[in-house]
Amino acid sequence: MNYLLRQNVIAGGFYLILGLLIVFVLIPIGVDEPSNVQYAPLAPSYWPRIICFALAVLGIAMLIRSVMQIRSGWASGEAPEDAPEARLIWRAGVVIALGFALYAVLETLGFVLATAIVLVVLMLFAGERRLQIILPVAAGVPLALYFFFVKAASIPIPAGILESVLVGG
Amino acid sequence: MFDTIAAAFAIFATVDNALALFVGVIFGTIIGAIPGMTTPMGVALALPFTFTMQPVTGILLLLGVYKGGLYGGSITAILLNAPGTPAASCTGLDGYPLAKRGEARRALDMALYSSCTADFISNLSLIFCAGILASFALSFGPPEFFTLIVFSLTIIAGVSGDDLLKGLGSACLGLILATVGLDLVYGSNRFIFDNYELMSGLNFIPVLIGLFALPEVFTFYATREQPHEHSSLAGKHATFADYRRNLKSIIRGSLIGVVLGAIPGIGGSPAAFLSYSEAKRNSKNGHNFGKGELEGVAAAEAGNNGVAGATLIPLLALGVPGDIITAIILGAFMIHGLRPGPLLFQDNINLIYALFMGIMLSSAYLFIVGKMSIRAIAKIADVPNRILFPVVLVLCVFGAYAINNTIFDVLVMFAMGIIGFGMRLLGIPAAPFLIAFILGPLLEDNFRQSLLLARGDFTIFMRSYICWFFWGLTALTVGAMIYQRTGTRPLKLPTEG
């Protein structure tokens with residue numbers, strides 16, 4: 001099975017399973033139905049149900065199309081040049097994990113310190129080795145953003161353990 | 001009338017507006033010039049900076065980014081044959097051969113002159129057409145709006161990717177995500193699961209940033225970094241004679257851009273290629289197209305930039321976004337408590353005129369930025385991606401937090417980033433998702449309002465000729481898309497052995 005066909009089968013299966021999962025599991029437990037609904041189409045679950053049935057039907061159509069393509073030996077292309085490489089996807093996983101770690105410490109460490117650390121790690125991870133570039137960028141970008149939002153836009157940004165330095169007092 | 005224009009001028013003529021538009025054009029040009037960075041991503045990153053601005057100032061900044069991005073894509077297309085935007089790939093067909101011949105400066109100048117002219121013509125079309133369309137739309141009720149939005153969704157989902165089924169599925173995902181929160185009619189919970197932060201639904205900004213900016217960052221880490229080429233500006237400037245010689249192609253391309261731009265879902269790329277092919281067909285130098293013909297650069301850029309003002313016609317007049325960037329700008333209007341559409345023309349005409357003034361100024365800014373700062377922009381575009389993308393991630397975090405000052409939005413952004421990256425891995429386009437997410441509440445609201453009016457009778461969706469007109473357009477579009485796709489024969493798989 002070539003790249004595009006595999007993509008279509010997985011996407012079709014995903015649409016089908018998600019559509020059915022929402023209709024039969026998430027809507028019954030996640031949508032509160034009032035008792036005084038005048039007309040069925042006005043019920044809170046009516047609209048999500050229609051969309052999810054449509055999603056499941058699209059999934060079935062994609063799967064049928066893929067089966068027909070496999071049987072007839074036709075496929076419509078290969079991976080685009082800028083598509084993520086399968087053997088490098090773990091690197092995206094590391095960045096995602098780093099993102100969640102950042103989320104966990106944002107309020108404790110504060111936006112400036114937490115994002116500065118993440119910047120250093122991400123630049124090193126991307127292959128940048130020049131400390132004379134890494135350090136000014138890691139210090140300058142979070143500080144500039146912090147002061148823009150706090151001073152120019154009057155949006156409070158948590159300063160965390162640097163509060164006494166950045167805010168004073 | 002003059003009172004309205006004077007009032008609009010008073011809203012528009014502020015230092016903040018002039019500065020925001022200028023900064024927007026510069027930022028957009030830089031973003032457009034960097035291969036791997038997209039204009040929607042630029043608009044998404046700029047959006048959080050507009051929260052505390054006046055509505056006109058914030059929207060002008062975003063429009064500046066949009067227009068700058070359209071032009072900026074041509075810079076690296078010409079210098080490096082690495083188009084910053086899909087539409088700019090057409091500019092590179094002749095721009096890059098010109099640069100290789102040592103005429104980069106001339107090609108860039110022609111791209112600029114052509115862009116500014118097309119942008120100006122497109123802006124005029126917006127000013128003249130939007131009001132007329134809006135006054136027509138004043139007679140729309142909920143059923144008419146419902147059919148209009150169905151039509152918009154159909155066409156947008158269809159043209160947002162190579163695969164119609166995947167595009168429609170993506171739109172369904174966006175629609176279902178838009179139902180999270182309190183139900184509009186009965187006020188009951190939908191998919192909240194005892195999380196009070198979900199009661200008002202998912203915020204548009206973290207969803208937008210997560211879908212459009214974060215997957216770019218993740219993809220950068222999951223692909224091998226390309227060797228970095230350095231751009232060089234060489235050769236003489238384009239002359240007025242060059243411009244005059246190509247004026248016919250520029251005007252033709254601009255008009256093509258205006259017509260295609262005004263139709264929801266078409267975008268800059270088809271306009272650029274159609275303009276290019278028409279110029280090639282009509283030019284006496286047609287045989288030279290693709291080998292370094294200045295007229296090819298002019299035609300491609302005119303088509304590409306001709307859509308800029310025209311895509312705002314359906315947005316401002318009907319409240320329907322013509323492409324993904326105008327969908328983001330629609331979100332920006334909503335953040336500022338405004339709802340584009342006929343009622344905006346009725347209630348806030350001063351604001352509309354002020355925007356028109358700013359839009360006209362943006363053409364002049366584009367010219368100034370292109371002439372004065374092209375060398376600096378080309379240098380900034382040389383910043384390696386291994387520095388740029390970590391900075392983008394940090395910008396995303398600040399931007400997602402700033403909308404509501406809640407850390408929950410940062411979590412939503414990362415979750416949407418994973419969904420967006422997963423969609424990219426499966427080849428599912430993100431644009432229909434976001435457009436459906438934005439239009440979803442409006443679609444459902446009009447659907448249910450109509451049924452309330454009609455006491456549950458579905459024939460209300462066929463009550464007027466306007467409904468029939470949009471159903472007809474929807475059927476025509478779906479039919480055309482199916483015909484187009486079934487008419488394309490796929491490639492045969494190589495036999496594995």
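Is Phe193(B) buried, partly exposed or exposed? With a relative accessible area of 46%, Phe193(B) is partly exposed; here buried means under 20% relative accessible area, exposed means over 50%, and partly exposed is what lies in between (1.4 Å probe, protein chains only).

Before going further, a word on what you're looking at. This is a predicted model, where local features need pLDDT of at least 70 and side-chain atom pairs count only at pLDDT 80 or more, while totals for chains, interfaces and linings use all residues. Residues are numbered from 1 along each chain as its sequence is written, chains are lettered from A and ligands numbered from 1 in the order in which they are written, and side-chain values use heavy atoms, leaving out hydrogens and water.

Back to Phe193(B). It sits in the loop between strand 2 and helix 9 of chain B; helices (H or I, at least four residues) and strands (E, at least two) are DSSP runs, numbered from the N terminus. Most residues other than glycine have a negative phi. Phe193(B), though, has a positive phi near 50 degrees. Phe191(B) also has a positive phi, about 55 degrees, without being a glycine. You'll find Phe191(B) in the loop that runs between strand 2 (189–190) and helix 9 (204–212) of chain B, but Phe191(B) is buried, at 8% relative accessible area.

Now for the place where the chains meet. Chain A brings 82 residues to the contact and chain B brings 72, with contact meaning heavy atoms within 4.5 Å. About 6,900 Å² is buried between chain A and chain B, and carbon and sulfur atoms give 76% of that; buried area is the accessible area (1.4 Å probe) that two parts lose on being put together, summed over both. There is 1 salt bridge between the two chains, a salt bridge being a side-chain nitrogen of Lys or Arg within 4 Å of a carboxyl oxygen of Asp or Glu. Arg386(B) and Glu128(A) meet in a salt bridge through their side chains, at 2.9 Å from N to O.

What does chain A put into this meeting place? Helix 1 (3–30), helix 2 (46–72), helix 3 (89–109), helix 4 (111–126) and helix 5 (131–152) of chain A each supply at least two residues of the side that touches chain B. Helix 1 of chain A gives the largest share, 13 residues.

Over all chains, the structure holds 33 aromatic pairs; rings of Phe, Tyr and Trp (its six-membered ring) pair if their centres lie within 6.5 Å, and planes under 30 degrees apart count as stacked, over 60 as edge-to-face and the rest as tilted. Take Phe100(A) and Phe414(B): their ring centres are 5.9 Å apart and their planes lie at 45 degrees, so this pair is tilted. Phe100(A) is in helix 3 of chain A and Phe414(B) in helix 20 (residues 407–425) of chain B, so the pair joins two chains. Phe100(A) is partly exposed at 29%, whereas Phe414(B) is buried at 2%. Phe469(B) and Phe470(B) make an edge-to-face pair, 5.3 Å centre to centre with 65 degrees between the planes. Of these two, Phe469(B) is partly exposed at 48% and Phe470(B) is buried at 6%. Finally, ring pairs also link a cluster that takes in Tyr46(A), Trp47(A), Phe146(B), Phe447(B), Phe458(B), Phe461(B) and Trp471(B).
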